[in-house]
Amino acid sequence: MLARLNGVTKRYGKAEGVHELSLELYPGQAVGLLGLNGSGKTTTLKLLAGMLFPTTGSVEVLGQSPRESRGQIAYLSDADNLYAWMTPHDAERLMAGLYPDFNQGRYRELLAFLEVPQQGYRSMSRGQRARLRLAMVLSREARLFLLDEPLSGIDVISRDRILKGLVREWREEACLVLSTHEVSEAEGIFERVLLLREGRLALDAQAEDLRVKGQSVKDAFIEVLA
Amino acid sequence: MNALKTLLWLEFRKFGVFGLGLLLVVAGWFFMARQTFEWNGYNLESAAMVFAVTAFVAVGGSIACLAALMMDFGREYRAGRWSLLLGSPQPGWLHLAAKTVLGAGVLTLFNGGMWLVQTFWLGQVGVSLPIGLGAGVWLYLLGGLALVVPALFLGLWVAAYIPGKATLIATVIGALGLGQVLEWSTRLLSGAFYKWLPPWKLPAPSVEQSPAVRMQWDSFPGLPTEAFVILSVLTALFFYATSRLWQEVEA
């Protein structure tokens with residue numbers, strides 16, 4: 001097992017981000033974390049990344065607290081959070097300096113695959129920015145990849161190509177958790193899907209099991225919401 | 001080492017323009033003073049005024065630099081950049097060290113420039129009072145220690161825990177009572193100053209034309225060294241507390 005949330009509740013004042021959430025993540029898995037807006041996807045990813053501390057319950061990554069395992073966690077925030085003056089070259093310098101597991105060869109390959117232009121972040125479109133941030137995070141040799149809505153702003157055709165390319169060559173030793181509210185996007189891509197509803201885990205299923213039952217991810221999602 | 005170099009580069013890219021702005025202030029003050037004041041070694045009041053203006057510009061520029069440093073914490077937090085910085089396996093103190101080194105570097109260049117203008121141009125030609133290197137360094141260290149690290153600490157605190165309505169009331173009461181607290185602290189501490197350590201005697205300015213001023217200067221015992229020791233200890237404590245706080249910040 002790579003990571004575990006054990007009965008985790010996270011409160012923001014009176015509001016609850018997630019409620020008594022328990023789940024386990026394993027190496028080699030590509031997991032789709034689905035849910036409507038405000039269902040607790042970002043909170044779940046931030047808890048796993050050590051960016052938030054649980055109000056109650058515990059979080060473990062590789063047997064330690066997420067802050068202690070930071071070197072093994074690659075987290076992509078949904079925020080548009082790079083410096084405006086940064087070019088892809090600057091981003092490479094920043095990542096190579098701060099993250100010892102950053103693979104510069106892979107970064108350059110990803111820049112080409114994701115078609116990121118060599119220009120300043122300020123002058124990039126929203127989709128191009130998302131691609132650059134994705135390349136930065138995926139170029140790490142981490143064990144747990146947590147991507148929060150990484151494809152938002154990217155056009156539909158590219159999204160499909162990127163997602164398939166990403167999951168198809170997923171590494172055996174690492175686990176990928178990707179959050180999205182575009183349920184149809186998860187169809188035929190992820191081997192495991194987690195559905196969150198109002199901060200609670202409403203469904204944890206293998207995509208294969210859903211297929212055997214003749215159910216699509218979208219059907220399962222609608223059933224859970226109903 | 002690589003991580004510190006990267007963080008210094010990052011801070012430089014953020015504050016480079018600001019640092020350049022401060023150096024332009026030095027150049028501006030130099031040219032303004034050169035155009036405005038004439039040599040007048042006998043007018044001590046005028047010389048003291050020019051000295052006071054130089055000190056005021058230096059302190060103002062330094063405070064602006066520290067405010068920029070402090071606000072940078074809040075800006076990074078609001079822009080969600082901390083997820084990028086906090087996510088790295090680098091320890092919290094390294095991020096703070098980079099900010100401190102860059103901030104101290106900018107302040108040293110700025111204040112060093114002001115000192116050069118003050119001593120080697122205004123002071124030498126009798127327009128203002130020259131200040132010796134030892135005294136300049138001492139004053140700079142004292143002012144720097146008193147300002148830089150508390151600014152870092154407050155910046156991180158503000159960024160990490162943005163006050164809500166309840167804490168806002170406490171903040172207002174605290175701010176209103178700050179003057180009184182400072183007065184009490186000063187009284188308490190001034191009782192301790194000059195007691196344990198020898199005072200730091202400042203070199204006298206070149207005011208041979210006025211023996212009375214020279215006598216007054218000589219009778220001044222110097223600045224208390226206790227303040228320097230206390231501030232150094234506080235700096236170490238603040239730096240440690242800030243590093244610990246960094247580990248507890250939520251992004």
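Author: Start with burial: a residue is buried under 20% relative accessible area, exposed over 50% and partly exposed in between, using a 1.4 Å probe and protein chains only. This is a predicted model, where local features need pLDDT of at least 70, side-chain atom pairs count only at pLDDT 80 or more, and totals for chains, interfaces and linings use all residues. Residues are numbered from 1 along each chain as its sequence is written, chains are lettered from A and ligands numbered from 1 in the order in which they are written, and side-chain values use heavy atoms, with hydrogens and water left out.

Reader: How many salt bridges are found over all chains?

Author: A salt bridge is a side-chain nitrogen of Lys or Arg within 4 Å of a carboxyl oxygen of Asp or Glu. The search of the whole structure gives 21.

Reader: Which residue forms a salt bridge with A:Glu149?

Author: A:Lys41 does, with the closest N and O atoms 4.0 Å apart. A:Glu149 counts as buried because its relative accessible area is 15%, and A:Lys41 is buried at 5%.

Reader: Which residues are linked with B:Glu76 in a network of salt bridges?

Author: The network holds B:Glu11, B:Lys14, B:Asp72, B:Arg75, B:Glu76 and B:Lys99.

Reader: Are B:Lys99 and B:Glu76 buried or exposed?

Author: Both are buried; B:Glu76 counts as such because its relative accessibility is 1%.
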